[in-house]
Amino acid sequence: MKEITTKKLLDTIVAGIQEQKGKRIVVADLKKTGNSLCSYLVICEGTSNTQVNAIATKLKDYVREQIKVKPLAMEGFENCEWIVADYCDVMVHIMQRPAREFYDLEHLWADAKLKEIADLD
């Protein structure tokens with residue numbers, strides 16, 4: 001079995017989010033923070049619980065189809081305000097804007113290197 005690099009996993013996750021029109025994607029590189037359980041945090045948003053659910057579902061299917069990787073766990077489908085997907089070295093947060101603004105994960109991880117990914121139209 002071919003080993004998947006963290007970079008390939010990260011790129012595939014971002015592409016999966018973009019495939020379902022996820023917006024305001026930010027990748028936080030946590031490798032040098034020294035206090036994180038993963039190497040990368042990916043944060044994005046959807047406009048409604050329906051879109052957040054669709055992004056999460058598409059992400060799971062897309063990553064599995066492209067590189068044969070499944071998340072260790074996914075939580076938050078009950079209300080779809082904030083869904084977390086655990087890909088071990090990459091944690092993905094798919095949020096509605098009010099939750100994203102309230103929890104402000106980018107500020108929480110301000111010591112990480114943050115990279116904004118342009119929205120696809």
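Predicted model: local features only at pLDDT ≥ 70, side-chain atom pairs only at ≥ 80, totals over all residues.
Student: What is the order of the strands in the open sheet?

Tutor: The sheet is open, holds 6 strands and shows mixed pairing. Its edge strands, each pairing on one side only, are β3 (73–75) and β6 (113–117). From one strand to the next, the twist averages 15 degrees. Read across the sheet, the order is β3-β4-β5-β2-β1-β6.

Student: At about what angle to β5 does helix α2 run?

Tutor: Helix α2 spans residues 49–67 and lies across β2 (40–46), β3, β4 (82–86) and β5 (90–96). Angles are taken between N-to-C directions and run from 0 to 180 degrees. Relative to β5, the helix runs at about 160 degrees.

Student: Does T33 count as buried or exposed, and why?

Tutor: T33 is located in the loop between β1 and β2. Buried means under 20% relative accessible area. Because its relative accessibility is 16%, T33 counts as buried.

Student: Which backbone oxygen does the side chain of T33 reach, and at what distance?

Tutor: Neighbours within four places in sequence set aside, T33 is in contact with W109, D111 and A112. The side chain of T33 also reaches a backbone oxygen, that of L30, at 2.8 Å.

Note on methods. Residues numbered from 1 in each chain as written. Heavy atoms only, no water. Pairing = 2+ DSSP bridges. Helix = DSSP H or I, 4+ residues; strand = E, 2+ residues; numbered from the N terminus. Contact = heavy atoms within 4.5 Å. Buried < 20%, exposed > 50% of the residue type's maximum accessible area, 1.4 Å probe, protein only. Polar contact = N/O pair within 3.5 Å; in protein donor to acceptor, adjacent residues only side chain to side chain.
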